[in-house]
Amino acid sequence: MAGLTAAAVGVVRGRKMKSYRKELWFEIRGRRGFVNITGQVEDCLRESGIREGLVLVNAMHITASVFINDDESGLHHDYEVWLEKLAPHEPVEQYRHNGYEDNADAHLKRQIMGREVVVAVTGGELDLGTWEQIFYGEFDGNRRKRVLVKIIGE
Ligand code: ZN
């Protein structure tokens, strides 16, 4: 099938792209926290039946993040210290956003830690690098929030 794009080859072989969507719910006790969600994303991938494709994982809230890094407690402490230096929670009056809210720092922390990650799916597995794990990052907790998992492929 030389000369055909990968998508065209899929059509020629009669394959159909699959699509999967799921929302994961979190309620973090306290203002901030990190949760390793790699296992939950792997469960979604298994449920989808998709072997080759892409998975998108994104926070559906503007004061929470999804990011990839090492599952190491020292690093998570370092993030906490670093983010508090960049955007300290107190004094809350320092932020224009804080009128009836007090979460301006959480918006800023979310911005730097990112909204989403995209991971390749190869042979039915998340094609992650060495030590890479997927995390939910909460910056304004004590309420229920969602993460979207969208998987496309075949
Ligand atoms: Zn806000």
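Predicted model: local features only at pLDDT ≥ 70, side-chain atom pairs only at ≥ 80, totals over all residues.
Residues are numbered from 1 along each chain as its sequence is written, and side-chain values use heavy atoms, with hydrogens and water left out. Local features need pLDDT of at least 70 and side-chain atom pairs count only at pLDDT 80 or more, while totals for chains, interfaces and linings use all residues.

**Zinc site**

The zinc ion has the protein donors His 97 (NE2), Glu 101 (OE), Asn 103 (OD1) and His 107 (NE2), at 2.0 to 2.3 Å. Donors here are N, O and S atoms within 2.8 Å of the metal (3.2 Å for Na, K and Ca); water is not among the atoms, so sites may look incomplete. The donor residues follow the spacing H-x3-E-x1-N-x3-H. Angles among the four donor atoms run from 78 to 157 degrees, and the site is irregular. Four donors count as tetrahedral if all angles lie between 85 and 135 degrees; four count as square planar and six as octahedral if opposite donors are over 155 degrees apart and all others between 65 and 115; anything else is irregular.

Burial is set by relative accessible area: buried is under 20%, exposed over 50%, and partly exposed in between (1.4 Å probe, protein chains only).

| Residue | Relative accessible area | Class |
|---|---|---|
| Glu 101 | 27% | partly exposed |
| His 107 | 18% | buried |
| Asn 98 | 14% | buried |

**Asn 98 and helix α4**

Asn 98 lies in the loop between α3 and α4; helices (H or I, at least four residues) and strands (E, at least two) are DSSP runs, numbered from the N terminus. Its side chain reaches the backbone oxygen of Val 92 at 2.9 Å. A polar atom of the Asn 98 side chain also lies 3.0 Å from the backbone nitrogen of Ala 104.

Just after α4, Gly 114 has a positive phi of about 95 degrees.

**Nonpolar cores**

A nonpolar core is a set of buried Ala, Val, Leu, Ile, Met, Phe, Trp, Tyr and Cys residues joined through side-chain atoms within 4.5 Å. The largest has 23 residues, of which Ile 37, Val 55, Val 57, Ile 134, Val 147 and Ile 151 touch the most other members. Another core, apart from it, has seven residues, including Phe 67 and Phe 135.

Terms used: Polar contact = N/O pair within 3.5 Å; in protein donor to acceptor, adjacent residues only side chain to side chain.
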